[in-house]
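Please read it alongside the sequence and the model.

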Amino acid sequence: LAPALCLRRCWFLPAPPSKTWLVPYSLCTENGPRFAWRRKQLNTYINFAIIFMNALETRLLAASEYKPRLYKRYVDDILLLWIHGKERFAAFIAHLNSGHAMIRFTVQTTEETGSIDYMDTTISITNAGQISYKLFQKPCSSGLLIDYNSAVPFHIKKAVAQSQFLRARRLSSSEQLCADSEEMIRVQLRINHYPDAFIEEARAASRRPKRT
């Protein structure tokens, strides 16, 4: 059987606790600055997710008879490569979902659409097991960058455009897919009022070899 490239997301049903701190801040008054106190919420959701998922996955993977060929996780998004067939895969998911009463994993596989979206990449896999990838942007993404008409130094706008094209190139596995990714960046830059000539210069600069 050809490998199945899969995506997992686990959803945390209970909200982890957060701490409330009193922190100083400055008030500008006629007689000069005055320090007061206000409450500030320290968001620890991501830290809790990382710690909890590490403990959970270590226990569940160790207890599983069949394991993924590849297993990579960022917070609660998991990318894995499965080569043991559909039935054992279904059993593996059932095993994961039995690990904690408040945790459930959702699944997206390349078998459904030929590709999956993981982080900021779209990953595809063929029946022969060949993997390709390109830039991915969520449909809900606003596409906002530093606006070209904003009061920001010109070199920063230039760096923003070039870095976006570099990102598109690094996240593409072929020239054709790179062209597709670069077109997404063009659209994003135009939304932020970057001129076409500026965009093409940034693209060309991103393709120039680095000086040694």
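## Terms and basis

Two strands are taken to pair if DSSP finds at least two bridges between them, and the elements themselves are DSSP runs numbered from the N terminus, with helices being H or I runs of at least four residues and strands being E runs of at least two. The model is predicted, and for that reason local features need pLDDT of at least 70 and side-chain atom pairs count only at pLDDT 80 or more, whereas totals for chains, interfaces and linings use all residues. Residues are numbered from 1 along each chain as its sequence is written, and side-chain values use heavy atoms, with hydrogens and water left out.

## Overall composition

The chain contains six helices and nine strands. Of its 212 residues, 32% count as buried, where buried means under 20% relative accessible area, exposed over 50% and partly exposed in between, with a 1.4 Å probe and protein chains only. Among the contacts (heavy atoms within 4.5 Å) in the chain with a separation of 6 or more, 57% come from residues 24 or more positions apart.

Strand β8 (residues 121-125) has four of its five residues buried, so it is largely enclosed by the rest of the structure.

Strand β7 (residues 115-118) pairs with β8 in the antiparallel sense over four bridges; within this pairing Asp117 has Thr122 as its bridge partner, and Tyr118 stands opposite Thr121. The two strands form a hairpin with two residues between them, and Met119 in the turn has a positive phi of about 55°. On the other pairing of β8, five bridges join it to strand β9 (residues 131-135), again antiparallel, with Ile123 opposite Tyr133. The hairpin of β8 and β9 has five residues between the strands, and Gly129 in its turn has a positive phi of about 90°.

## Nonpolar cores

A nonpolar core is a set of buried Ala, Val, Leu, Ile, Met, Phe, Trp, Tyr and Cys residues joined through side-chain atoms within 4.5 Å. The largest has 13 residues, of which Leu56, Phe92, Leu96 and Phe105 touch the most other members. At least two residues of this core are supplied by each of α1 (45-63), β5 (77-82), α2 (86-97) and β6 (103-109). A second, separate core of 11 residues includes Ala161, Phe165, Tyr194 and Ile199.

## Packing around helix α4

Axes are lines fitted to C-alpha atoms, for helices over the stretch in contact, and angles run from 0 to 180 degrees between N-to-C directions. The axes of helix α4 (residues 154-170) and helix α5 (residues 175-191) come within 8 Å and cross at roughly 150°. That makes α4 roughly antiparallel to α5, given that angles under 35 degrees count as roughly parallel, over 145 as roughly antiparallel, 65 to 115 as roughly perpendicular and the rest as oblique. Residues making the contact include Ala161, Phe165 and Ala168 of α4 and Cys178, Ile185 and Leu189 of α5.

Helix α4 also packs with helix α6 (residues 196-207), at an angle of about 60° and with the axes 8 Å apart; α4 and α6 are therefore oblique to each other. Here the contact residues include Ala161, Phe165 and Leu166 of α4 and Phe198, Ile199 and Ala202 of α6.
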